[in-house]
Amino acid sequence: MTAPRSAVGTGVTAAPALRLSVLDRSRTRRGEEPARALRDTVAFAVEVERLGYHRFWVSEHHGVPGVAGSAPTVLAAAVAAATSRIRVGTGGVMLPNHQPLVVAEQFGVLEALFPGRIDMGLGRSVGFTDGVRRALGREKDAADRFPGQLAELLSWFDPAARGPGSVHARPAEGLDVPAFVLATGAGAEVAAEAGLPLVIAAARGEEAMLAAIDRYRERFRPSARAGRPYVVVSGTVAVARTEERARTLLVPEAWSSAHSRTHGEFSPLEPAEEVLARRMTPRERAAFEQALTGHLAGTPERALADLTALVGRTGADEFLLTTSTYDREELLDSYRLLAEAAGLA
């Protein structure tokens, strides 16, 4: 069955058997300025488009040393301007951090400038730390208001709806910008109630993800934006010429995650060889080993087989790759090898 245009979007002339997309978080590297990471994101999008991937999304993080992407709609504009066919969007804008009217206006501008290529990925997370939340003027419970904020945001695109005082969200009003809900757990039910595509990762394990996807499909209410459930599974897939090298690609991100869990700070990426040579405390080692699990890594043939099996288990309509590593050339090669194996181009 073909998904509705509003759920799938355009930009690819011939769909491969496996629809693959990319989420880049503009990861910083040790000793480099954040500006380098942002420029690399734009350059990476150009290469990803050439390789035949379906979408390219950017993320929102505030006050995180290891991530330069703090303004996703601004960065998405730069990506869309540098590309010509690939769909561009956010994975996502964290709606509790913003006024829905402003978000609608931002995506309206993007869609007006790049018609038919913009996706609106929306999440419910708030700031990573108490300090960031205070700076944003938000509290932890702001995420609880996500369903209402989502409904308000979508209403700004509806010409029949009116805000207080007959306010109009221009140029968003009347435009068709596909919306996606990023979820872990309860967010899947929000997507189902709103009748929107779901983006989900196995952050709490595959069984929990599968259960959330089942709930989403069972409770899905068809809407003007999506006539049927549409599931995008997100995760890391590291690909290299050898199994060992593919697993090594996971090391920099795994250490950054472990450092976050043990020191409270998501740090810039470091070379894999230095991480592997580091003397870790037992707590750091346990967090590091845990962070290495749950990903797909291997040669192109092995990675594609494992990815195809995961898509089969989840029934996903699309897979969103979130792979990152220290060496940029190896990172691009990973995406290139997978694209070639999957026949994207």
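Let me start with a definition: the expected span of a helix is 1.5 Å times one less than its number of residues.

Hi everyone. What we have here is a predicted model, where local features need pLDDT of at least 70, side-chain atom pairs count only at pLDDT 80 or more, and totals for chains, interfaces and linings use all residues. Residues are numbered from 1 along each chain as its sequence is written, and side-chain values use heavy atoms, with hydrogens and water left out.

How confident is the predictor? pLDDT is its confidence in each residue, from 0 to 100; the protein chain averages 90, and 90% of the residues score at least 70. Over residues 1-15, though, the pLDDT is below 50, and beyond near neighbours in sequence this stretch has 34 contacts in the model, a contact being heavy atoms within 4.5 Å.

Now to H14, residues 328-342. Helices here are DSSP runs (H or I, at least four residues), strands likewise (E, at least two), numbered from the N terminus. With 15 residues, H14 reaches 21 Å from its first C-alpha to its last, close to the 21 Å expected at 1.5 Å a residue. Its buried residues (under 20% relative accessible area, 1.4 Å probe, protein chains only) include Leu331, Tyr335 and Ala342. What do the buried residues of H14 pack against? The partners are strands E1 (20-24), E9 (237-239) and E11 (318-321), plus helices H2 and H13 (300-314).

H2 (34-51) and H14 also meet us at the second largest pocket, where each supplies at least two lining residues. A pocket, on a 1 Å grid over the protein atoms alone, is an open set of points where a 1.4 Å probe fits, with protein on both sides within 12 Å along at least five of seven lines; lining residues have an atom within 4 Å of a point. Of the 16 lining residues, Asp40, Thr41, Phe44, Arg328 and Leu331 lie nearest the centre. H2 gives the largest share, six residues.

Tyrosine 216 sits in helix H8 (206-219) and counts as buried because its relative accessibility is 0%. Where is alanine 191 relative to tyrosine 216? They are 25 residues apart in sequence and 7.2 Å apart in space, C-alpha to C-alpha. Leaving aside neighbours within four places in sequence, tyrosine 216 also contacts Pro229, Tyr230 and Val231, among others.

Threonine 73, in helix H3 (72-82), counts as buried too, at 10% relative accessibility. With the neighbours within four places left out, threonine 73 touches Thr90, Val93, Gln106, Phe107 and Leu110. Thanks, everyone!

Technical notes: pLDDT = per-residue confidence, 0-100. Buried < 20%, exposed > 50% of the residue type's maximum accessible area, 1.4 Å probe, protein only.
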